[in-house]
Amino acid sequence: MEKVLVTGGAGFIGRHVVDALLKRGHQVRVFDSLIEQVHGGADRPNGLAPEAEFVAGDMRDADAVAAALKGIDSVVHLAAEVGVGQSMYAIDRYVSVNDQGTAILFQQMIERPVRRVVVASSMSIYGEGLYRTQDGVAVEDAARSRMVGIGWDPVDEHGRSLIPVPTPEWKRPSLASVYALTKYVQERLTLCVAPAYGMEAVALRLYNVYGPGQALSNPYTGVLAIFASRLANGQPPLLFEDGHQRRDFVHVSDVAEAFAVSLEHPKAAGEVFNIASGQDRSVLDIARALGRAMGRTDIEPEVTGKARTGDIRHCFADTTRAAETIGFVAKADFERGLEELAEWV
Ligand code: UD2
């Protein structure tokens with residue numbers, strides 16, 4: 001059993017990771033700027049397990065990071081600014097917190113190396129997911145068809161629809177937002193610097209994470225949280241485009257498990273894994289399913305016919321690598337996850 005530092009451990013995903021690590025018998029120290037809590041005025045994060053040690057601090061404060069690393073065996077690095085849309089307005093803050101913060105963490109670990117660092121990366125680095133042509137040729141850089149004025153789905157040069165397929169880790173990144181760029185830098189810094197100082201590195205590319213504890217009021221939060229709070233207020237979910245865009249929704253308890261396994265499994269070292277359910281669903285399907293779970297089948301989702309700036313059309317995961325290398329397979333039942341969200345909202 002190890003003493004694990006969880007940066008960002010007071011956030012939505014972090015709190016679940018902390019619980020998973022404690023359950024496995026690790027000791028946990030949380031380092032978090034408490035940005036989410038500042039307005040609430042709490043000095044200990046809401047919902048953080050009482051067994052976890054808590055240290056408030058900013059990733060860019062080298063002395064605070066150095067102190068937080070004392071006596072630590074391994075690190076789970078989750079601290080980050082997370083809104084994709086917001087990242088285009090607060091460029092300096094995103095680059096500073098996410099990338100300078102990660103650089104400072106590694107600078108401090110030169111003197112205080114740990115066994116392993118597991119960093120949270122994101123599916124956002126892929127941009128559009130992987131597609132194939134109708135002749136079966138893989139397309140890594142699909143462009144949105146609305147750019148050429150036909151429908152919503154990406155098309156080939158002859159105007160034929162491309163077919164979305166599960167995206168594997170080898171797909172070339174296509175960094176379409178400042179958020180994606182900073183996540184990619186975090187991932188690459190970790191995989192480049194850790195081994196140079198004898199530390200093991202693992203990067204987890206998280207897909208669309210959902211579950212209890214996700215922010216409800218923030219307009220940049222995940223779509224399920226937005227739909228849940230709209231339905232709870234008697235409002236219809238608003239579907240961008242035609243609602244047929246596809247994503248991979250992974251329950252936060254599975255994500256927490258993935259971090260714990262990635263910290264422990266000998267074969268995880270040096271790897272990058274998609275962390276997802278492996279099941280793709282359209283936004284329309286999830287809106288309807290959530291309506292059923294919340295007993296609001298009377299509210300029909302509303303199709304806006306408008307795309308959100310910077311949105312991709314489809315991206316869902318090929319989860320083979322995590323399954324084969326470290327035996328991680330998401331277990332949560334989606335319908336049950338929605339019922340739980342319905343109870344929580
Ligand atoms: C972004 C990030 C992802 C993660 C996630 C946070 C990308 C490609 N990915 O994913 O890494 O940070 O945000 O949850 O940048 N939608 C509606 N109506 C709404 C809100 C959303 O139809 O009111 C659609 C939206 O157009 C998209 C899908 O729902 O097709 C999912 O949206 P999201 O914001 O939950 O997540 P996504 O995939 O943009």
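What span should the 12 residues of helix 1 (residues 12–23) have at 1.5 Å a residue, and how far apart are its end C-alpha atoms?

Tutor: This is a predicted model, in which local features need pLDDT of at least 70 and side-chain atom pairs count only at pLDDT 80 or more, while totals for chains, interfaces and linings use all residues. Residues are numbered from 1 along each chain as its sequence is written, and side-chain values use heavy atoms, with hydrogens and water left out.

At 1.5 Å a residue, helix 1 should span 16 Å, and its end C-alpha atoms are 18 Å apart, which agrees. The expected span of a helix is 1.5 Å times one less than its number of residues. Helices (H or I, at least four residues) and strands (E, at least two) are DSSP runs, numbered from the N terminus.

Nine of the 12 residues of helix 1 are buried, so the rest of the structure largely encloses this helix. Buried means under 20% relative accessible area, exposed over 50%, and partly exposed in between (1.4 Å probe, protein chains only). The buried residues of helix 1 are Phe 12, Ile 13, Gly 14, Arg 15, Val 17, Val 18, Ala 20, Leu 21 and Leu 22. They pack against strand 1 (3–7), strand 2 (27–32), strand 4 (74–77), strand 9 (200–206), strand 10 (208–210) and helix 7 (252–264); contact means heavy atoms within 4.5 Å. Just after helix 1, Gly 25 has a positive phi of about 95 degrees.

Val 18, in helix 1, counts as buried because its relative accessibility is 0%. Leaving aside residues up to four places away in sequence, Val 18 touches Val 6, Gly 9, Val 28, Val 30, Leu 48, Ala 49 and Ala 52.

Gly 71 follows helix 2 and has a positive phi, near 75 degrees.

Two buried side chains elsewhere make polar contacts. Thr 182, in helix 5 (residues 178–196), has 0% relative accessibility and so counts as buried. Its side chain makes a polar contact with the side chain of Asn 98 (3.0 Å). A polar contact is a pair of N or O atoms within 3.5 Å; within protein, one must be able to donate a hydrogen and the other to accept it, and residues adjacent in sequence count only if both atoms are side-chain atoms. Glu 241, in the loop between strand 11 and strand 12 (246–251), is buried at a relative accessible area of 0%, and a polar contact of 2.8 Å joins its side chain to that of Arg 313.

As for the ligand, polar side-chain atoms lie 2.7 Å from a ligand oxygen atom at Ser 122 and 3.5 Å from one at Gln 245. For Asn 208, the distance from a side-chain N or O atom to an oxygen atom of the ligand is 3.0 Å. Helix 6 (223–232) and strand 11 (238–239) each give two or more residues to the shell around the ligand, and helix 6 gives the most, with three.
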